[in-house]
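This report concerns the surroundings of a ligand and a set of aromatic and charge-ring contacts. The sequence and the structure are shown first.

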Amino acid sequence: MGVSRALLRYLVSLSLIIHAAVTTANFFKPFNVSYDHRALIIDGKRRMLISAGFHYPRATPEMWPDLIAKSKKGGADVIQTYVFWNGHEPVRGQYYFEGRYDIIKFVKLVGASGLYLHLRIGPYVCAEWNFGGFPVWLRDVPGIEFRTDNVPFKEEMERFVKKIVKLMQEEMLFSWQGGPIIMLQIENEYGDIESAYHQRGKEYVKWAAQMALGLGAGVPWVMCKQSDAPDNIINACNGYYCDGFKPNSPNKPVFWTEDWDGWYTKWGGRLPHRPAEDLAFAVARFFQRGGSFQNYYMYFGGTNFNRTSGGPFYVTSYDYDAPIDEYGLLSEPKWGHLKDLHAAIKLCEPALVAADSPQYIKLGPKQEAHVYHVDTNTEGLNLTQYGSQSRCSAFLANIDERKAAVVRFLGQTYHLPPWSVSILPDCRNTVFNTAKVGAQTSIKTVEFELPLFSNISACQQFTVHDEVSYFSKSWMTVKEPIGIWSKKIFSVQGILEHLNVTKDHSDYLWYITRIYVSDDDITFWEEKQVRPTLTIDSMRDVLRVFINGQLTGSVIGRWVKVVQPVRFVQGYNDLVLLSETVGLQNYGAFLEKDGAGFRGQIKLTGFKNGDIDLSTLSWTYQVGLKGEFSSIYTVEENEKAGWSDLTVDAIPATFTWYKVYLSLNMG
Ligand code: GAL
């Protein structure tokens, strides 16, 4: 079926309008944002806000418009994102705002869709993001200590935060400029680690707040999980349930910056799942008990592209069991159930914003109502008085996890399933109950027409089905060299710290040396029936030991001891240690000291003449893998790699690159 010319013209002009809107900003009539003890005040009106957490570099720019549209359709008023410092400043002083890091484009798309934006600058973000968002070069700033009252750190942090605020201002993206940004965030859950820094931690909180407020961004700032957040900074709650949360001042509203609607996944771990009913219950309870801003962390989780996964050991998927799945598809019934919930909350908004606080009514041992009405001082609510008025909304909760309850409220009877909230926008009719899912449930299945491989050796059993025409006839392979593969190597005496050498340009660091083994050693091992052993006090994340080109052992863990028996031959033996990182630490105090690779003593024990202290030997260092640095995985470069067909009887190498051609049916 062809597209008519008129429709085509319409589509072209529509895309021009959207393009113009995105490039020229001014999405709204400029408006002010402030807050009182109840809510954010947007353009003079208190608002109840639903926010959708979504990190721009975890999707592609092509996906952004659709994801924003799906958030809006799901009932979001706001999009919330962190700002990713290490993505924007990969080299100190050299900024990057292109591609997946084109934050300006992202913010403009949010504005063009009519949604607001909550920008969490951090610049520490945690987020299961490599090094919590800190650029690894930050470790090399002389005298630096992260996230405390330390001058070099504060200078770097201030420079980046200023840069982002200025950029947003230049692009007219704050609300008072007609842009979508209504709120910012400084730091992230510093309260969790503050005590580790004693008085200097407290000073740092004050400094961070003052610094942020001093930038003249003109919209409110939050700090999350920061019970000592100074005046003028809203301290917000993060967690699975935040309905009991009290801010640290009666002048601040109750905000929930991270509602954990799922969780992240670790390598080898289970896929987390949070049921839609429980999530809806948590959200309804939050608004029931006085909350006014709630953000889903994550509404869309997406993918950790390249080497952005934090860790250690987080998988590249950041699906999070979010309402929109990793591929941008609606996750049902979660998305739909929340959409219905949001619609019900919106119906209550006039009453919720009109009342300064709810009236509490005990309905049973584990049942309670909260009623929002303009005049909360009125005693003895009754149906005739309020039932017909739109400015009365109520939430009826049954917090009994097992038993359903029948309650009387304003002269009527209500059936409340266990662990549920009923929402009554007019104080009379239930329009939504969190435990009753009306949204369609869909089960996603993934169909693989390609043979599945569970591990590398399985490749050998692979046979190609002739009928799968889009799939090239065979896999091709390139072996990755063990140890040295480039001229960019150097030798020094001793064991260097992993990150100091790699600067995180690769996960891989090869340590190469030679060990001389005498006849006496061999006789000693045979007579005593012992084996020499490699011992390392502590290491992370993965270690592979090669002797004379053969993989001898692997160790996986986070700061674990290594005791690895090894075998040598008489004469010179090549000893190669491959240290691998699997996502840098993204949470905790003293991140700059964490590092990677090996710690403490590293030696070979069990030799006739005593232990060999490996840290006294000369080691040659090679960073990275050959295929990695020659971009073997790119369309442009891969052909140069010298591929050969994978044959059924091929002997697998320890590290092998595999490729196959397939054409996708995009229909
Ligand atoms: C929070 C943190 C987020 C994210 C989340 C877990 O504590 O603020 O950035 O790491 O935990 O997904």
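The text below treats the ligand shell and then the aromatic rings.

The model is predicted: local features require pLDDT of at least 70 and side-chain atom pairs pLDDT 80 or more, whereas totals for chains, interfaces and linings use all residues. Residues are numbered from 1 along each chain as its sequence is written, and side-chain values use heavy atoms, without hydrogens and water.

The ligand is surrounded by 15 residues, the closest being Y82, E128, E189, E258 and Y320 (a residue is near if one of its heavy atoms lies within 4 Å).

| Residue | Part of residue | Distance to a ligand oxygen atom |
|---|---|---|
| Y82 | side chain | 2.7 Å |
| V125 | backbone | 3.1 Å |
| E189 | side chain | 2.4 Å |

On its own the ligand has 310 Å² of accessible area, and the protein covers 95% of this (Shrake-Rupley method, 1.4 Å probe).

The count of aromatic pairs is 56 (ring centres of Phe, Tyr and the six-membered ring of Trp within 6.5 Å; planes under 30 degrees apart are stacked, over 60 edge-to-face, the rest tilted). F174 and W176 are stacked, at 6.1 Å between centres and 0° between planes. F174 is buried at 0% relative accessible area, while W176 is partly exposed at 31% (buried is under 20%, exposed over 50%, partly exposed in between; 1.4 Å probe, protein chains only). The planes of Y241 and W419 stand at 80° with centres 6.2 Å apart, so this pair is edge-to-face.

Finally, the charged end of R147 sits over the ring of Y124, 3.5 Å from its centre (CZ of Arg or NZ of Lys within 6 Å of the ring centre and within 35 degrees of the ring normal).

Methods:
A polar contact is a pair of N or O atoms within 3.5 Å; within protein, one must be able to donate a hydrogen and the other to accept it, and residues adjacent in sequence count only if both atoms are side-chain atoms.
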